[in-house]
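Let's take a walk through this protein together. Keep the 3D view open and follow along.

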Amino acid sequence: MTSILQPRECKVTKKPQKSYGFYLRIEKDTAGHLIRNVEENSPAEKAGLKDGDRVLRVNGVFVDKEEHAQVVEIVKNSGNSVVLLVLDDASYQKAEKEGVNLEELGQKASTGQQQEQQSPPPMANGAITAVPQPRLCYLVKEENGYGFSLKTTEGQKGLFIVELSSQGAAAKAGVQNNDRLIEINGKNVENDTHEEVVKKVKKSENHVMFLLSNEETDHYYASQKMVLSKETASLRLLPLKPRLIEIQKGKNGYGFYLRMEQNTGDHVIKDVDSGSSAAKAGLKDNDILVAVNGEQVDGLDHESVVGKIKHSEAKTTLLVVDKETDAMYKLAQISPFSYYYKAQDPTPAKMEERAELHTEQKVNHKPRICKMVKGPSGFGFSLNMIKNKPGLFINEVQNHGPADTAGVENNDFLVEVNGVNVMNESYDKVVARIQDSGDRLTLLVCSKDAYKYFQGQNIPITASMADPVHDPSEPPAYTENHPSEPERNLPEPRERASSSSSSQSAASTRADSDNNDDTKL
């Protein structure tokens with residue numbers, strides 16, 4: 001019965017800084033890692049990949065039972081060429097139904113391609129494993145210290161871990177003998193002296209974050225001409241995890257307050273009602289909000305974050321951390337949002353995760369965040385639409401005007417105004433939003449080509465796709481507050497069904513004396 005099941009080996013090679021031209025996805029009630037949205041004339045199509053194919057192996061590594069985030073990471077780390085062993089949709093379903101061992105099915109076909117790799121797949125206890133990664137390890141000092149020593153090795157960069165105590169703090173954190181130290185608390189120390197590194201460890205007092213590599217990882221990254229960094233590190237050894245919480249909206253909302261702390265800019269959960277949907281879902285007082293429905297909220301103002309939550313009609317999915325977890329990630333100088341993609345299952349609301357093998361590497365397809373301050377003649381652009389066609393676009397951008405200086409270009413399509421998606425709003429409502437924004441305006445825009453591309457691929461355009469923007473000479477438009485006028489922080493909650501001319505919020509609101517925004521949700 002299994003003889004008709006024929007996996008296909010597809011070697012996909014792309015140009016540097018370009019994409020493979022497909023998405024890797026998992027879907028609800030569908031087994032396997034699926035190939036989706038294979039772009040016409042892309043490297044993926046030319047290699048023979050087809051929509052609905054299931055990935056069995058990546059560069060010889062059997063991945064069918066691996067976590068989706070791990071498969072994405074292996075493909076990303078493969079450089080500009082990757083070998084995928086795939087099975088078509090009908091054959092995969094047949095194999096699942098008949099209980100076929102997919103690992104054995106793919107072994108024969110994958111033997112030849114393993115010999116083509118620049119470096120053989122890494123081995124652990126005789127079995128093929130995933131691509132090696134640097135590791136982030138969080139050490140908590142004990143009574144006898146951290147339980148390791150450091151040494152230098154002639155002819156090799158960096159310091160190495162030696163004399164590791166088997167029951168010490170370092171070993172418990174996942175540190176191994178002969179690990180090479182790359183970063184301490186987010187700062188590279190490869191060129192530091194022994195004395196400088198010791199000083200930094202001592203200065204960190206009772207907690208320290210190490211980025212570590214080993215000989216295998218060093219060899220692999222060197223062979224692939226890749227740079228070791230915390231952005232590519234495994235987060236699995238970190239003891240504290242962000243929490244992904246799905247909340248169903250109740251009759252009285254979700255049952256918590258959201259506050260923006262003035263001194264930190266954090267969006268903090270407050271006063272979770274006992275028995276509310278939020279409490280039942282596991283939301284806790286003083287949790288710090290990281291993302292709403294898969295979109296990062298760092299850099300957004302209070303009103304924008306409230307708007308994102310309110311746009312969810314029946315439920316919302318929040319990524320949160322407690323204060324201890326937040327402090328750990330800040331020590332590493334990475335966002336907890338990284339964990340959302342690297343080690344967490346996809347958002348329950350969608351049950352899918354897209355491998356960013358496509359648009360993130362196409363610079364011209366990235367939307368742009370443009371922050372501007374009104375000049376004597378306004379913001380310096382006009383807004384237009386084509387009758388009976390969706391979308392608003394920008395023209396008549398004045399040279400050296402606020403919009404031009406912020407990076408807005410003629411024929412850009414408008415996606416968001418002050419953090420609110422306006423792609424389906426009327427021309428008059430969008431104009432009113434801009435006019436009501438005061439002296440500061442933040443737009444999310446994208447080029448005409450990018451707009452057509454995202455629409456054609458049915459990919460939602462979000463601010464998280466854009467490069468971060470920060471002008472140190474001006475306070476960010478997204479985080480500006482007016483403590484002396486607290487009511488200005490609580491306008492219309494940005495629901496599409498509401499009138500933009502309304503001045504009263506549909507949410508319960510309060511302005512505390514400590515100048516923090518506070519909104520009941």
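Ser-234 is in contact (heavy atoms within 4.5 Å) with Gln-133, Pro-134, Arg-135 and Leu-136, once you set aside its neighbours within four places in sequence. This is a predicted model, where local features need pLDDT of at least 70 and side-chain atom pairs count only at pLDDT 80 or more, while totals for chains, interfaces and linings use all residues. Residues are numbered from 1 along each chain as its sequence is written, and side-chain values use heavy atoms, with hydrogens and water left out.

You'll find Ser-234 in the loop between α7 (215-223) and β15 (243-248); helices (H or I, at least four residues) and strands (E, at least two) are DSSP runs, numbered from the N terminus. Its relative accessibility is 15%, so Ser-234 counts as buried. Buried means under 20% relative accessible area, exposed over 50%, and partly exposed in between (1.4 Å probe, protein chains only).

Lys-230 makes a salt bridge with Glu-183, their closest N and O atoms being 3.3 Å apart. For a salt bridge, a side-chain nitrogen of Lys or Arg must be within 4 Å of a carboxyl oxygen of Asp or Glu. Lys-230 is buried at 10%, and Glu-183 is buried too, at 9%.

Now look at Asp-51, which pairs up with Arg-36 in a salt bridge at 2.7 Å between the closest N and O atoms. Asp-51 is partly exposed at 49%, whereas Arg-36 is buried at 18%.
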